[in-house]
Every structure is written in structure tokens, then in C-alpha cells.
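I opened a notebook for this protein. The entries below follow the order in which I looked things up.

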Amino acid sequence: MKTMTTNPTLFHTLRANDASALIDYLVRTFGFVQAACYRDDSGKVAHAQLNWPEGSGGVMLGDHRPDTGWALAPGTAGCYVVTADPDALYTRVVDAGAEVIRPLEETEYGSREFAVRDPEGNLWSFGSYAGEQPQD
């Protein structure tokens with residue numbers, strides 16, 4: 001994977017029952033790069049930033065705090081991530097013991113992709129489909 005040289009401009013956001021464990025999982029299993037992690041006085045993750053090393057996006061997450069205005073329920077997120085080498089990433093996540101919910105396959109729209117569930121229940125799809133260019 002190539003290393004991202006600019007700051008991300010789009011972030012997927014989620015909350016976790018155990019943000020520290022989820023951060024470790026996303027870094028170890030998928031290859032995200034931890035850019036920041038701030039904890040509150042109790043030691044809970046208030047904010048963490050993980051960058052996707054292949055592009056200009058990432059994940060922002062923290063421990064679930066139901067008393068805030070941004071109280072997303074843990075385990076309810078879904079995200080698609082573009083990767084230049086879905087085969088290598090698939091091998092990595094399978095070797096790490098990820099729960100595969102859709103094995104690596106070719107799609108009718110020209111992508112090579114797969115999907116997994118993280119330990120919190122969030123769904124992650126990784127593939128080569130980078131989207132379409134806007135029509136003029």
C-alpha cells in the first residue's frame with residue numbers, strides 16, 4: 001500500500017463499546033494508520049483518528065457516550081474502502097481471523113471486493129471500485 005501524504009478530507013465516523021480494542025483491530029487487521037488518540041479523564045477514548053494509507057480518507061471514532069448529541073449506536077456502521085490490492089488485503093484480514101461476511105469476488109460492475117464484520121459489529125467492504133467520474 002502506498003502511504004498517504006496529505007491529510008484526509010473525508011472521515012467515516014463511528015462509536016464503539018471498546019474504542020481502544022477497535023482501534024487496535026482496525027490498525028492490525030485492516031492496516032489503518034493511527035494519527036491521533038485523545039482520552040478523557042476516565043481513560044475512555046474521546047476522539048481517535050485513523051487514516052487509510054491508500055487515499056484521502058479515514059475513520060474518526062471514540063467510546064460510546066449516549067448522553068451526547070453525536071451518540072451513534074456501536075456496531076451499526078457500514079463503510080466501503082477502496083484498495084488497490086484487494087487480494088493482498090483479503091489475505092491479511094483472513095489471516096488475522098476477521099469474520100468474512102462476503103468472500104473475495106468479482107462484481108458485475110467491475111470491482112474485486114469482499115466484506116467483513118469487525119468485533120463491534122460494523123460492516124466493512126473493501127474493493128477496487130473507486131467510483132465513477134461525474135458526468136458533465
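Which backbone nitrogen lies 3.4 Å from a polar atom of the side chain of T83? I found that it is the backbone nitrogen of D85.

Before going further I noted the ground rules. This is a predicted model, in which local features need pLDDT of at least 70, side-chain atom pairs count only at pLDDT 80 or more, and totals for chains, interfaces and linings use all residues. Residues are numbered from 1 along each chain as its sequence is written, and side-chain values use heavy atoms, with hydrogens and water left out.

Entry: T83. I located T83 in the loop between β5 (78–82) and α2 (86–95). Helices (H or I, at least four residues) and strands (E, at least two) are DSSP runs, numbered from the N terminus. T83 counts as buried because its relative accessibility is 3%; buried means under 20% relative accessible area, exposed over 50%, partly exposed in between (1.4 Å probe, protein chains only).

I then looked at the side chain of T83 and found a polar contact of 2.6 Å with the side chain of E54. A polar contact is a pair of N or O atoms within 3.5 Å; within protein, one must be able to donate a hydrogen and the other to accept it, and residues adjacent in sequence count only if both atoms are side-chain atoms. Leaving out residues up to four places away in sequence, T83 touches W52, E54, L89, F126, G127 and S128. Contact means heavy atoms within 4.5 Å.

Entry: the sheet. I traced an open sheet of four strands in the order β1-β4-β3-β2, with mixed pairing. β1 (10–16) and β2 (33–39) are at the edges with a single partner strand each, so one side of each has no neighbour in the sheet. Two strands pair if DSSP finds at least two bridges between them. β3 (residues 45–51) and β4 (residues 57–63) pair in the antiparallel sense over four bridges. In this pair I saw N51 opposite G58 in β4.

Entry: the whole protein. I listed two helices and eight strands, which run β-α-β-β-β-β-α-β-β-β from the N terminus on. The C-alpha atoms fill a box of roughly 50 × 40 × 25 Å, taken along the principal axes. Of the 136 residues, 40% count as buried. Among contacts between residues at least 6 apart in sequence, I noted that 55% join residues at least 24 apart.
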